[in-house]
Amino acid sequence: MNSAREIRQTFLTFFENKQHTILPSAPMVVKNDPTLMFTNAGMNQFKDWFLGNTPPARPRVADTQKCLRVSGKHNDLEEVGHDTYHHTMFEMLGNWSFGDYFKKEAIAWAWELLTEVFKIDKTRLYVTFFEGDSAENLDPDEEALQYWRQWIPDERILRGARKDNFWEMGDTGPCGPCSEIHVDLRSSEERKTADGATLVNKGHPLVVEIWNLVFIQYNRKANGQLELLPKKHVDTGMGFERLCMTLQGKQSNYDTDVFQPVIKKIAALSGKIYGQQPDLDVAMRVIADHLRACCFSIADGQLPSNAKAGYVIRRILRRAVRYGYTFLGFTEPFLCRLAPTLAEEMGDAYPELKMQQQLIERVIREEETAFLRTLETGIRLLDSVMEKNTDTKTISGKDAFQLYDTFGFPIDLTELMAREKGFTVNMPAFEKELEQQKQRSRQAAVTEEGDWVEVQPAAQTTFVGYDTTTDTVKIARYRSIKTKGKEQLQLVFDRTPFYGESGGQSGDAGTIDNGRECIKIIDTKKENQLIVHIAEKLPDDLPAAFTARVDEARRRAIACNHTATHLLHYALRKILGTHVEQKGSLVHPDYLRFDFSHFQKVTDEEIRKVEHLVNEQIRANILLEERRELPIEEARALGAMALFGEKYDAKVRVIRYGESIELCGGTHVHATGDIGFFRIINESAIAAGVRRIEAVSAAKAEELTDRLQDMIKNAGALFNNAPNLVDAIRKTIADNAELAKQVQDFINERVAQLKAQLQQRLQTINGFNVAVLPVFVTPEILKNLAFQIRVLQPNLVFIGGAVQNDKPMLTISLSDDLVEKGLNASSLVKEAAKEMDGSGGGQKFLATAGGKKVEHLQAAIEKAVRLLSL
């Protein structure tokens, strides 16, 4: 049997022998692409090459790419675990041609690899080709058909409609016909009962697609029209897990050695046996799948959170925990105990799993612990909801959605627990609430993009911003974009000094000017490798040459903060240890934010040492050493730090200030002395094992120091400019505590006096023992008195008033026996408070109301007394 490791390597070696460059997998978490949160196909990392934003660096490429499909068009989440072949995280084996070979070679090599190298039975293979689409005026892909006929008989070549056999990147962009290769894994007996050709693309679990050969030859425009591309490309993707199932003679992806080590560990931890009970098997498959998605995402730098990609990972992790909790009896964190098994099995192909293992385990453990607490809270809330609806035995869609949306309680768990207690959930109403929420989200995120209008066709943008902030540029293309009803223009220049937002650094702003009109550039983004300038107006003279000017003051502030971030990273590793690694950053003109791995709070003393070391580096005025287009192997040999979750080209830029050496594409100061000054504002935790430092530099650090000095000066003035301000504050706090004790003693004494008076002045009204406070007191005395007097004797009603800041307050308390008889203090106080133009409420035994008319407080008290007579 071929192991998963051997299968993966055989694929790569095969295409290496076909003159393909073997590339490492890109991160699963996508950056600098507003259309994607996660890599969902092998072609994502080559998107710029397909779009023509940058020329392909190599004509032939092959790799194995880690992918995630959990949202949007490509969403397999609900099928995961319930069938044998869908996954959230999966590996995509692929080979690509960029303007080099096309259909003939792609088809021949695919057939050669599957049948001659992997030795798959040819009679079990079926292929499809695009049958054409009259609505799109597209002819059948006769070219692919003729090439397939060289290898496979006509009865196993099937026509496919646009749904299955015309691949598109998205609503717009490169696209083309495709040929799918399917394998029939049924037993010989089953194959005799039905022709495999009739089961292709019919959802049969053992007649599955394993490879898709996409022939990219068109570009889809925003108006829906197709145009031929100047160069044709090949993009293939083969599901690694399905290939392993085929070659290892299994009937489920989960029975291969890709998943079995983890499933066996789940079985051992839970004390259950895999393969004996369907619902337990589903739970184990879900957990094994979701574990991979979570571990790979965290290794790539995406931590669980409540926003965007982080929310997706949190949702996947919680889904796994929920299955373990409900079906396997896990009440303590367990996913974190599976991470070492995954790292052992896949760490050779993906070393980040082993290198980030400690962080992965800590983050997952914290997430599991928090969600298990959420489950406990949700169960209590669900119990209270069911208690309110014992008559109808129905949980409303609104209540179910609140549990789901506000408290993170899974709807399927709500249904399960409700069913166990004889309740039903109004699912149509829940689905309506959920759809309304999705609609709100869609409306908030909807973006309308126009087609690119070419002004200078085929122009490639040259970035000159490392050397200058001013340059002569021409507009290469533009398009309009509308978000939340606001229209803006996106401009692409032939060359630009503007830095596009990427790598955590904010984009530049500035102007372009041709002497007749000046257009403001409000921001600059980097979409994949395309530098896009955001403007509110399109120039009248598009072909003109413009002078592009970056806002230099803003750029300097950003550069100071970016270099300070590098110095901070260096200082943290020096002070805390070399386990510190960057997990995220934000470089803004006004501040910087730096996330890093560290497993405990950074102490005040450590913060000061870090701050001092950074400022020491600034005072040393270390000159920038910059090396561009350096082969990445040489950069690593220099000691440059590469970050997990970042995709690097074969040639990189190295930024060095003394011992601080990093791979970085951002803008920096010429010497550290330009920063001037550095101050840390705050240090906090953002996840298990991940800390965050917020800091300022240069002018903003001076402003912070000024504010702190002013604060100390003003505080000193309040203490008569005492020579030792801290001692003066301590003395005042101590004096205040003593005064507070004296006040509390007075309150206690006053409450005791009033309580004694009320006991002597009790009135009997309609069978109630009524204690009416004869004077108005403070709210604190009133509250203490109300609590204490209600327990003195049965049938007791206390009524009292207080005044504070000219606002009246009415309080009523009842003895427990009156509450048991049905009397309600909240109802009484609401009705009586109307006399003073007020309202209120509380508990059945004690309630308070505020009012607007202090002169009517006595009338409200009298009204409360009269209510007792009714």
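User: What should I know about the model before reading it?

Analyst: It is predicted: local features need pLDDT of at least 70, side-chain atom pairs count only at pLDDT 80 or more, and totals for chains, interfaces and linings use all residues. Residues are numbered from 1 along each chain as its sequence is written, and side-chain values use heavy atoms, with hydrogens and water left out.

User: How many helices and strands does the protein chain have?

Analyst: Helices (H or I, at least four residues) and strands (E, at least two) are DSSP runs, numbered from the N terminus. The protein chain has 25 helices and 36 strands. Its C-alpha atoms fill a box of roughly 110 × 75 × 55 Å along the principal axes.

User: What share of the residues is buried?

Analyst: Buried means under 20% relative accessible area, exposed over 50%, partly exposed in between (1.4 Å probe, protein chains only). Of the 870 residues in the protein chain, 50% are buried.

User: Which residues of helix α15 are buried?

Analyst: Helix α15 covers residues 411-420. Its buried residues are Ile 411, Leu 413, Thr 414, Met 417 and Ala 418. Seen down the axis of α15, they fall within an arc of 155 degrees, so they line one face of the helix. The arc is that of the directions from the helix axis to the C-beta atoms.

User: Which residues are exposed on the other side of α15?

Analyst: Arg 419 and Glu 420 are exposed there.
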